[in-house]
Amino acid sequence: MKKLKYILALLAVPVAALSQEIEVEKVGETQLSSLAPNTASVVFVSNLGDLSIKVVKGTEQPQRRQAADGKGYEYEFVVDVSSRSERPYTICRTGGVFTVRHTAKELRGGYRKTYRVVELADTLMRIEAQQIDDGKALYPAGDKMLACVEIATTIDELRVETGWPVSEKPDDNGTRVISVIVDVSRLKAMKKEMAAMEQGDSDNGTLKEQWQKYSTLTLRGAGIKPLTLSCADIAVKQKRRYAVVALTETFEDLLAHARSLRDAIPQHIDNGHYDATRIAYDKAIEHRDAPPAELESLRAERNAVAELRKLIWLMWRAGELADKNGREQGEQSEGVYKNLLAQYNITCKLIKEHPEIQGITAVRDAAHDRLMKHPMSKTVKRETVTYQRQIISGKVVKGNSFYLTIPGLRVYSVYTSGKIKNSDYKKEIGKIKPDGTFKIVLPEPTNYIYIEGEKVSRRIDANTGNMGTLVLEN
């Protein structure tokens with residue numbers, strides 16, 4: 001029986017509860033004479049009697065009853081399908097950790113569709129498929145319209161489920177090499193059928209199942225959390241290679257890696273470093289052991305990196321467009337001027353807000369030099385601005401209710417006074433030293449600061465210097 005997997009939404013609950021996750025699988029469909037022609041029944045069967053199942057954007061309420069065999073419970077929704085043939089639901093245990101969203105599709109009047117809801121211990125091995133080629137490798141298939149997806153792994157339990165032929169051979173070093181041969185001509189024909197069906201506003205469940213079977217590869221096995229790869233866009237004679245490994249990183253290791261990348265930002269103006277930092281934060285935040293109490297501050301760190309990455313990307317993109325306009329339209333074209341001016345302005349913003357990042361000045365100077373040679377830049381002047389930066393300092397100690405460790409706590413500049421929400425974060429401006437002291441050079445005028453772990457911000461003004469000893473409270 002094919003299982004339908006869904007993305008889980010992590011709720012803010014105590015760490016001790018992070019142990020279970022929900023899975024939904026389709027059981028089948030039966031016709032019932034007791035149902036009206038435009039009415040369908042959706043039933044979720046489970047051995048869990050404390051499920052909370054709600055319809056999204058609807059008013060239907062479930063009827064909960066013990067299953068006929070006495071070995072579980074049924075949650076039944078009776079829905080009107082005269083106007084739409086699907087219903088999305090959210091499912092979780094009452095007071096539980098994970099919520100799954102499931103859509104009951106292709107509902108028909110007079111029919112009951114049944115799904116089974118199970119709860120799995122969160123001890124499954126997580127796997128990751130890392131593409132290890134550039135997408136240009138060839139599969140020597142002669143004149144045939146074939147392609148290949150190759151899986152290399154050392155995980156003995158791993159198997160590949162797909163509609164295509166699967167073969168396996170050991171590599172010289174003992175690695176399992178699993179090959180899936182895809183008939184691209186057949187795949188394209190199915191894709192056209194799917195497109196024609198959708199344009200014709202028709203519904204063919206068999207065709208959808210066949211497309212799912214042949215356009216994807218599902219990696220699974222005993223004790224392994226399934227992972228799905230798509231081969232829907234593979235080209236003739238293309239050979240895609242993946243290395244499948246078990247994810248064994250701890251939350252602490254992932255977070256340490258993310259913060260080491262963040263701390264190295266002053267030495268980088270390449271897009272790749274910022275992408276890697278953002279992705280590292282995402283992995284730490286999404287880890288099953290991420291403490292809920294820390295998620296808000298971790299997302300603030302991640303978002304600060306993402307905002308900075310956007311500026312770095314825009315800086316380089318403006319330069320690329322200026323070069324492209326120069327090649328296609330000439331160095332004196334308006335496109336060159338506009339993009340160089342954009343690059344110059346972005347670099348000035350970066351220098352003002354992030355003076356610690358090395359290399360931005362050189363990019364600014366190069367853009368300025370080209371601007372000065374452009375015929376449209378007669379009114380552009382280079383200005384040297386000196387900023388007098390405010391320095392705040394002090395020492396922090398724990399209050400009776402403060403539970404975080406002092407060294408390494410982050411200090412943020414924020415927009416508002418009083419209780420702090422995630423949307424109030426502005427950016428990180430410093431950290432508490434191992435001895436509990438801090439000395440921060442403010443990057444710009446700031447009215448409020450927020451020390452990680454506290455609930456409210458602290459007011460400062462232009463004359464604030466040494467803040468003395470601050471007692472931290474949660």
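A charge sits over a ring if NZ of Lys or CZ of Arg is within 6 Å of the ring centre and within 35 degrees of the ring normal. With that in hand, here are the close-up views. This is a predicted model, in which local features need pLDDT of at least 70 and side-chain atom pairs count only at pLDDT 80 or more, while totals for chains, interfaces and linings use all residues. Residues are numbered from 1 along each chain as its sequence is written, and side-chain values use heavy atoms, with hydrogens and water left out.

**View 1. Two arginines sit over tyrosine rings**. Arg 108 lies over the face of Tyr 111, at 3.9 Å from the ring centre. For Arg 186, the charged end is found over the ring of Tyr 214, 4.4 Å from its centre.

**View 2. Phe 44, Phe 77, Tyr 89 and Tyr 115 make up one aromatic cluster**. Rings of Phe, Tyr and Trp (its six-membered ring) pair if their centres lie within 6.5 Å; planes under 30 degrees apart count as stacked, over 60 as edge-to-face and the rest as tilted. The structure holds six such aromatic pairs. In one of them, the ring centres of Phe 44 and Tyr 89 are 5.3 Å apart and the planes stand at 75°, so this pair is edge-to-face. Phe 44 belongs to strand 4 (residues 39-46) and Tyr 89 to strand 8 (residues 87-93), so the pair ties together parts that are 45 residues apart in sequence. Strands (E, at least two residues) and helices (H or I, at least four) are DSSP runs, numbered from the N terminus. Phe 77 and Tyr 89 form a tilted pair, with 4.7 Å centre to centre and 55° between the planes. Buried means under 20% relative accessible area, exposed over 50% and partly exposed in between (1.4 Å probe, protein chains only). Phe 77 is buried, with a relative accessible area of 0%, and Tyr 89 is also buried at 0%. Phe 44 is buried too.

**View 3. Helix 1 (residues 184-199) has a buried side**. The helix has 16 residues and reaches 22 Å from its first C-alpha to its last, close to the 22 Å expected at 1.5 Å a residue (the expected span is 1.5 Å times one less than the number of residues). Val 184, Leu 187, Met 190, Met 194 and Met 197 of helix 1 are buried. They cover an arc of only 140° around the axis, which puts them on the same side of helix 1; the arc is that of the directions from the helix axis to the C-beta atoms. An α-helix has 3.6 residues a turn, so residues three or four places apart point the same way. Turned away from the buried side, the other face of helix 1 carries the exposed residues Lys 192 and Gln 199.

**View 4. Three strands form an open antiparallel sheet in the order 13-16-17**. Two strands pair if DSSP finds at least two bridges between them. Strand 13 (159-161) and strand 17 (224-230) stand at the edges with a single partner strand each, so one side of each is left without a neighbour in the sheet. Strand 13 and strand 16 (residues 216-221) pair in the antiparallel sense over three bridges, and Val 160 stands opposite Leu 219 in strand 16.

**View 5. Five strands form an open sheet with mixed pairing, in the order 11-18-12-15-14**. Its edge strands, strand 11 (127-131) and strand 14 (166-170), each pair on one side only. Strand 12 (residues 146-153) and strand 15 (residues 176-183) run antiparallel and are joined by eight bridges. Val 149 has Val 180 in strand 15 as its bridge partner.
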